[in-house]
Amino acid sequence: MPPAIPTATYRLQLTKDFDFDAAALIAPYLKALGVSHVYASPFMKARAGSTHGYDIVDHTKLNPELGGDAGFERMSAALKQNDLGLILDFVPNHVGVHYADNPWWLDVLEWGEASPYAVSFDIDWETLPYRTRGGVLLPIIGSSYGQALENGEIELKYDPQEGSFSAWYYEHRLPIAPERYSEMLRIIIKEANADDSAPGRAILTLAGKHKGLRHPNRSEAPAFKQQLGSIRGAADVIARGLDAYRAGPDRPAETQMLHMLLERQHYKLGQWRLASSEINYRRFFDVNTLAGLRVEDNGTFEAIHTQVKRLIAEDKLQGLRLDHIDGLRDPSQYFQRLRRLIREAHGKAKPFYVVVEKILGENEKLVPFAGVHGTTGYEWLNAITQVLVDEDGLDPLGETWRQVSNTSPKFEPLLIEAKRRVLDTLLLSEFTVLARLLARIANGHYSTRDFSADTLRQALELYVLHFPVYRTYLTATGSSALDRRLISDTIEKARADWFGTDEGLFDFLRDALTLDLLKPGSPAHSKPRVRRFALKVQQFTGPTMAKSLEDTAFYRYHKLLALNEVGGEPAAAAMPVARFHELMVQRASEFPHGMTSTATHDTKRGEDARTRLLALAELPGEWATAVSRWKLLNAPHVITDGNMRSPSASFEYMLYQALVGAWPLDTRDETFLPRMQAYALKAAREGKEETSWLNPHVAYEQGLQDFLARILDHIVSKEFIEQIDAFARRMALIGALNSLSQITLKATIPGMPDFYQGTEFSDCSLVDPDNRRPVDFAERIAVLEKIKTPDWKALSDAWTNSHIKFAWTHELLKLRSEFADLFTHGNYEPLDVTGPHAAHVLAFARRHQSNAAIVIVGRKLAGFTDGGRKWFDGSTLHATVRAPDYASGDIIVAEHLQHLPVVVIKTQASLKRVRSTRLQ
């Protein structure tokens, strides 16, 4: 039986090409590797062809493309046979919409607010501009709505099996409200000239039974559809009669008829670009095809958790990873309900493992939620990166970046500018909803009605621009002291940036955000509106930060790409070893079982690409010189057209870092150029400077493709390729050493390590979808057999094949399995390091009762490799780890770091140390 708290997890990306049965086949390998649990990507029913599983269309079913119920049972049996647990990446926040596959969404389109599923979606029904009736905007049209209509791209169809009508825009199904059926059928029979035919008379009789705009209503509609579908010959008559609605060129009357019908539906069709300014349903970030769920509604919560509850009750699911908890209206309420559900299904006999996807800002702590063991570990990924980076190299790299980009190395102004761009474009519609709601609140009482909608909007914008983290965690009952302080501090920053008259404007905004506006004695503002505003702002600041920081600023600021990682900051300083120790002691006390990740499906680059780039901070002068040479060599390949330069100077600098990080040591890799071209296109559009997703600059984008094709052409750019290959190989050697230090920290610090699929080998992937490519498990299975008894000298001699990383990963996982209590429950104790090279060593002990392990990790090792020209020689590293409270005593580092820059020494705590701990 796997442990309740995993010793280590292995993340699998399930797709139709790697399904439940494929996962079952590698269960013996994962067991042999040393993990205790499989951590699976979402496997509820997702959109057909989904490569990630987050676009769920039915939470109540297992994904048929992955093998459905039968396939899952086979996988579950294989996991149990190999004593492996299963953790599910669960998506409570959103579902895939549009198209024709989400039954809840289709019902809402058909019945509007009368649909029982309408409460499950966060739709502002009354906010459609220039329309008197309510509805939901569907921004699905590729051209303009009028153009699509006149071209006949929107077609009304009848389904005789269902007895229902739907408009179709290519693969998008748009159900017609049944209350319009009677009127439509009369027009259809007239158009078909079928009044006197038997099916025509039967159809008219049926239509005559349901007169008025509210008939057939929801209770009448099923019988109406069934009767319509059962009329013999009705399908043929209706098919002819639908010509009355067949829009197209030179059919103005029919086009107008279809338009008028569509205008009377519970939705409004629009061009896709309208989403940024007029969309009125909450999305997942800015993705139109993912609609936010109101999981705070109890019925919605219960419905989407039916499968989860069943799998827990049947002991087929041993843990959950909750996706994007910042999208929840009230996370505290959600986790209380989830804990109750787990107890009902699982009982109280043992803990049930739960972690949350949560990005924490600098010095921000995770709010303790009921039953949650910690985060998925982005903050620890960045802590590891920052403690391994050479602090002496960051300032020179910053100066190089300043000269290349001709901008200040300060990051905050760039982030605020990115936020402003996102508010003006991608999230404009959501921001407009909030600004209108705030204006309604102000107008609802005489004491605040003089605050104009425009000034309120500007004040709210300043608040969002200066808000420093992803969100607050207010509940319907009020705000915590921490949230009040955060809101007040942000309000003061916004106020300082305001040049108009204040006269209580920012005080009013603060009171609305903290819910103080509802305190006894305050002016009587609308309680539902104030609560809705404050809680919706929380759901808005997270996407704003994510789109501004991760998906904009990260692609504009390129001092050192290793720092441009989810949960990190591109301008971050190196972390002193003492601060790292302080954080680990704190983590062991507060969230000892949270996940530690160094690569995920969402990271901006592979974990080994990141460790290679860390080497640039150890050789910043050589890097600056190399880039200067490369810019001269590649100047003829830069594409210019008037004022356009492709790539821009700063983007070219970014590309050189990306190339070094991902450079294939096998130069015959034919996939490298298209992978880099795809990365460059995504990076340029995300940066939103020369081009963007909303408004692509075709010439600039083509210039990027051509530039990369030229500089990576072995004939055209022979000298450049020789130079970057030599430099990248040196960085790869130092990066391989950094990688061993990285995985050692991941596996031994407090927390539970997760290993992303395939990262047993060197992981130099780029941002998704590059990091979700298929994994060759057959090769890994074969290599595992060879390295079970590792020859570290031979492995280090052949370091380029990354088997040394694989072997050390396996050793660490064996160690965690052997001493599970030590690493799961043990203390973290910093150890002092002395000697000339003390700055190059990080050391600590993990202790549980008398058992202990001393971990020694090398850092900043370029000087011990002749600048990346030869493998690390630990005999020249002069440092001593002081460990007086352990049986090992003081440790001469050079005696243990021979072929590897890391070591874990099993030992015992001194009897005196154990006794003093017990007394405490």
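**View 1. Arg337 lies over the face of Phe301 in this predicted model.** The distance from Arg337 to the ring centre of Phe301 is 6.0 Å; a charge sits over a ring if NZ of Lys or CZ of Arg is within 6 Å of the ring centre and within 35 degrees of the ring normal. Because the model is predicted, local features need pLDDT of at least 70 and side-chain atom pairs count only at pLDDT 80 or more, while totals for chains, interfaces and linings use all residues. Residues are numbered from 1 along each chain as its sequence is written, and side-chain values use heavy atoms, with hydrogens and water left out.

**View 2. The charged end of Arg780 sits over the ring of Phe761.** Here the distance to the ring centre is 4.4 Å.

**View 3. Phe43 and Phe72 form a tilted aromatic pair.** The structure holds 38 aromatic pairs, in which rings of Phe, Tyr and Trp (its six-membered ring) have centres within 6.5 Å, with planes under 30 degrees apart counted as stacked, over 60 as edge-to-face and the rest as tilted. The rings of Phe43 and Phe72 are 5.4 Å apart, centre to centre, with 45° between the planes. Phe43 counts as buried at 0% relative accessibility, and Phe72 is likewise buried, with a relative accessible area of 0%; buried means under 20% relative accessible area, exposed over 50% and partly exposed in between (1.4 Å probe, protein chains only).

**View 4. Phe451 and Phe508 form a tilted pair.** Their ring centres are 5.5 Å apart and their planes stand at 35°, and both Phe451 and Phe508 are buried.
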